[in-house]
Amino acid sequence: MSEDAIYPVSAAWAANAKLDRAGYEDIYARSLADPTAFWLDQAKRLDWAAFPTKVDESVYAKDGFQVRWFADGALNVAANCLDRHLAARGDTTAIIWEPDQPSEAPRHISYRELHEQVCRLANVLKAQGVKKGDRVTIYMPMIPEAAVALLACARIGAIHSVVFGGFSPDALAGRMEDCNSTIVITADEGRRGGKPVPLKKNVDAAAERCTIETVIVVRATGGDIAMQDGRDIWYEAAMAQRA
């Protein structure tokens, strides 16, 4: 049985495809014939601070194993996700967020709005002493601010360590200890299937066994939580102070 029989494709859908079978076969053949030239050509799809001259320097031997691509290139992930779209697509939607409760309206966030939020949070993190190479723990529910946090870390060169919001305080503390992180971005609560998840409470419990110097808290549900003076910061208030 052919692939076309297993995965039938309508003519209208195929007509709008960005790549047909012949085009795929062509670029696949080019990638095999000259991988270095092929991947350097593909790299032009991104905005680079320093365009790479090297491609794949990976070693798969047991001794000296490494995966190394575009080693002499330099780029910023946040700039590629956001900045380069502002001129032509700034007011188009970058994120559509569907809340946990079907009765709540979805949020549409444009590239321009997302860019502003990311820049503000990047400045909040820098104001807290976060610099290139520092580890920032992100312990968040599935809300747009989680994407903002990831991109803000990338923008300033910080390393984000994402901890699943369903993990326990002990699991959170262990991961913070392992990566030597002292700052966490979290929320008052999360929601999964309509049930509240006590994220901030879990952070407070994790702080009993690891060093947490700064907690940035998003007001996601409005749940009643404890805030510790000198350590805990409301996300919204901190964002309002930064441009």
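Helix α7 (residues 111-127) packs on helix α8 (residues 144-156) at an angle of about 65°, and their axes lie 8 Å apart. The axes are lines fitted to C-alpha atoms, for helices over the stretch in contact, and angles run from 0 to 180 degrees between N-to-C directions. The crossing of α7 and α8 is right-handed. From α7 the contact draws on L114, H115, Q117, V118, C119, L121, A122, L125 and K126. From α8 it takes V148, A149, L151, A152, C153, R155 and I156. Contact means heavy atoms within 4.5 Å. The contact residues of α7 and α8 divide into 12 nonpolar, two polar and two charged. Here Ala, Val, Leu, Ile, Met, Phe, Trp, Tyr, Cys and Pro are nonpolar, Asp, Glu, Lys and Arg are charged, and the others, Gly among them, are polar.

A word on the model itself. It is predicted: local features need pLDDT of at least 70, side-chain atom pairs count only at pLDDT 80 or more, and totals for chains, interfaces and linings use all residues. Residues are numbered from 1 along each chain as its sequence is written, and side-chain values use heavy atoms, with hydrogens and water left out.

Now step back to the whole chain. Its secondary structure comes to 11 helices and nine strands. These are DSSP runs numbered from the N terminus, with helices (H or I) of at least four residues and strands (E) of at least two. The C-alpha atoms fill a box of roughly 60 × 50 × 40 Å, taken along the principal axes. Among contacts between residues at least 6 apart in sequence, 60% join residues at least 24 apart. Buried residues make up 35% of the 243 residues. Buried means under 20% relative accessible area, exposed over 50%, and partly exposed in between (1.4 Å probe, protein chains only).

Which residues touch the most other members of the largest nonpolar core? They are L114, L121, L125 and I185, in a core of 48 residues. A nonpolar core is a set of buried Ala, Val, Leu, Ile, Met, Phe, Trp, Tyr and Cys residues joined through side-chain atoms within 4.5 Å. Beyond its neighbours within four places in sequence, L121 contacts V148, A149, A152, I185, Y235 and M239. A second, separate core has five residues, including L40, A43, W48 and F70. In soluble globular proteins, nonpolar side chains tend to be buried together.

H115 also belongs to helix α7. H115 is buried, with a relative accessible area of 17%. Leaving aside neighbours within four places in sequence, H115 meets L82, D83, L86 and R155.

Next comes strand β3, which holds T137. T137 is buried, at 1% relative accessibility. Not counting residues up to four places away in sequence, T137 touches S161, V163, L172, M176, C179, S181, I183, V184 and I185.

Helix α9 (residues 169-179) has A171, L172, A173, G174, M176 and C179 as its buried residues. These pack against β3 (135-138), β4 (159-162), β5 (183-187) and α10 (199-206). Just after α9, N180 takes a positive phi of about 60°.

Finally, the charged pairs. A salt bridge is a side-chain nitrogen of Lys or Arg within 4 Å of a carboxyl oxygen of Asp or Glu. By this rule there are 14 salt bridges. In one of them, the closest N and O atoms of E57 and R68 are 3.3 Å apart. E57 and R68 both sit in the loop between α4 (35-43) and α5 (77-81), 11 residues apart. E57 is partly exposed at 28% relative accessible area, and R68 is partly exposed at 39%.

R120 and E116 form another salt bridge (3.2 Å, N to O). Both lie in helix α7, four residues apart, about one turn of the helix. R120 is partly exposed at 22%, and E116 is partly exposed at 42%.

In α10, D204 and K200 are four residues apart, so about one helical turn separates them. Their side chains meet in a salt bridge (2.8 Å, N to O). D204 is partly exposed, at 24%, whereas K200 is buried, at 1%. Salt bridges with shared partners join K200, D204, R231 and D232 into one network.

Definitions and conventions. A crossing is left-handed if the near helix is turned anticlockwise from the far one by less than a right angle, and right-handed if clockwise.
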